[in-house]
Amino acid sequence: MDEHPVGMSSHSSPGGALLGPGNNGNGVNNNNNGGGVWLQQQAVGQQEELQRPHYTIPGILHYIQHEWARFEMERAHWEVERAELQARIAFLQGERKGQENLKKDLVRRIKMLEYALKQERAKYHKLKYGTELNQGDLRMPTYESGNKSRLSTYRKHVLNITYFTVVSDWYSTVNLKVVG
């Protein structure tokens, strides 16, 4: 197949005029009856040639290489985005776990303080009225965790709070007796 720029064919003269029956190369038609038909057929052939895509092996290889490179770039971009999202998921899961641990710790502290408050109210009631305050179930709160060291730490805190409250109450009563 001859490849030529648009408008040129293998039958054209160096001057660009079409050679065919009745054409002498200078653009003048010498044959009055057959030249027009041949030119029409040539024009139809050129239109078909223009409509038909021109594929070449180097062009096809270039297109495939270009598409492959584009595909690899998209894939690399997707992999980077996937890694970023996985890192974000891991970060958020760690943050959620930390928040859950903080919540559990705060719930334990609240239970411990509620227990200490109940003890203080009972002690105050006993000192003021001389009778035990009936609070129903006054027992140490239970913790969901099976961690014995944490539980013992909280018990120590409750005992320390109670001890320091007793000591401070004693000092305040001593000070009131001394001052009053």
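Visitor: Is Glu-67 buried or exposed, or partly exposed?
Guide: Glu-67 is partly exposed, since its relative accessible area is 23%. Buried means under 20% relative accessible area, exposed means over 50%, and partly exposed lies in between (1.4 Å probe, protein chains only).

Visitor: Before we continue, how should I treat this model?
Guide: It is a predicted model, in which local features need pLDDT of at least 70 and side-chain atom pairs need pLDDT 80 or more, while totals for chains, interfaces and linings use all residues. Residues are numbered from 1 along each chain as its sequence is written, and side-chain values use heavy atoms, without hydrogens and water.

Visitor: Back to Glu-67, then. Which salt bridge does the side chain of Glu-67 make?
Guide: The side chain of Glu-67 meets that of Arg-70 in a salt bridge, with 2.6 Å from N to O. The term stands for a side-chain nitrogen of Lys or Arg within 4 Å of a carboxyl oxygen of Asp or Glu.

Visitor: And where do those two lie?
Guide: Both Glu-67 and Arg-70 belong to helix α2, which covers residues 57-129. They are three residues apart, about one turn of the helix. Helices are DSSP runs of H or I with at least four residues, strands are runs of E with at least two, and both are numbered from the N terminus.

Visitor: How exposed is Arg-70?
Guide: Arg-70 has a relative accessible area of 40%, so it is partly exposed.

Visitor: How far apart are Glu-120 and Lys-123 in helix α2?
Guide: They are three residues apart, so the separation is about one helical turn.

Visitor: Is Glu-120 buried or exposed?
Guide: Glu-120 counts as buried, because its relative accessibility is 19%.

Visitor: Changing topic: how many aromatic pairs does the structure hold?
Guide: The structure holds one aromatic pair. Trp-68 and Phe-71 form it, with 5.7 Å from centre to centre and 45° between the planes, and the pair is tilted. Rings of Phe, Tyr and Trp (its six-membered ring) pair if their centres lie within 6.5 Å; planes under 30 degrees apart are stacked, over 60 edge-to-face, and the rest tilted.

Visitor: Where do Trp-68 and Phe-71 lie?
Guide: Helix α2 holds both Trp-68 and Phe-71, and their spacing is three residues, about one turn of the helix. Trp-68 counts as exposed, because its relative accessibility is 53%. Phe-71, with a relative accessible area of 42%, is partly exposed.

Visitor: What about Leu-61, buried or partly exposed?
Guide: Leu-61 lies in helix α2, and at 47% relative accessibility it counts as partly exposed.

Visitor: Which residues does Leu-133 touch?
Guide: Leaving aside residues up to four places away in sequence, Leu-133 touches Arg-121, Ala-122 and His-125. Here contact means heavy atoms within 4.5 Å.

Visitor: And how far is Leu-133 from Lys-123?
Guide: Their C-alpha atoms are separated by 8.2 Å, and the two residues are ten apart along the chain.

Visitor: Finally, the chain as a whole: how many helices and strands does it have?
Guide: The chain has three helices and zero strands, which gives the pattern α-α-α along the sequence.

Visitor: How much of the chain is made up of buried residues?
Guide: Of the 180 residues in the chain, 12% are buried. Glu-120 counts as buried, at 19% relative accessibility.

Visitor: What about contacts between residues at least 6 apart in sequence?
Guide: Among those contacts in the chain, 44% join residues at least 24 apart.
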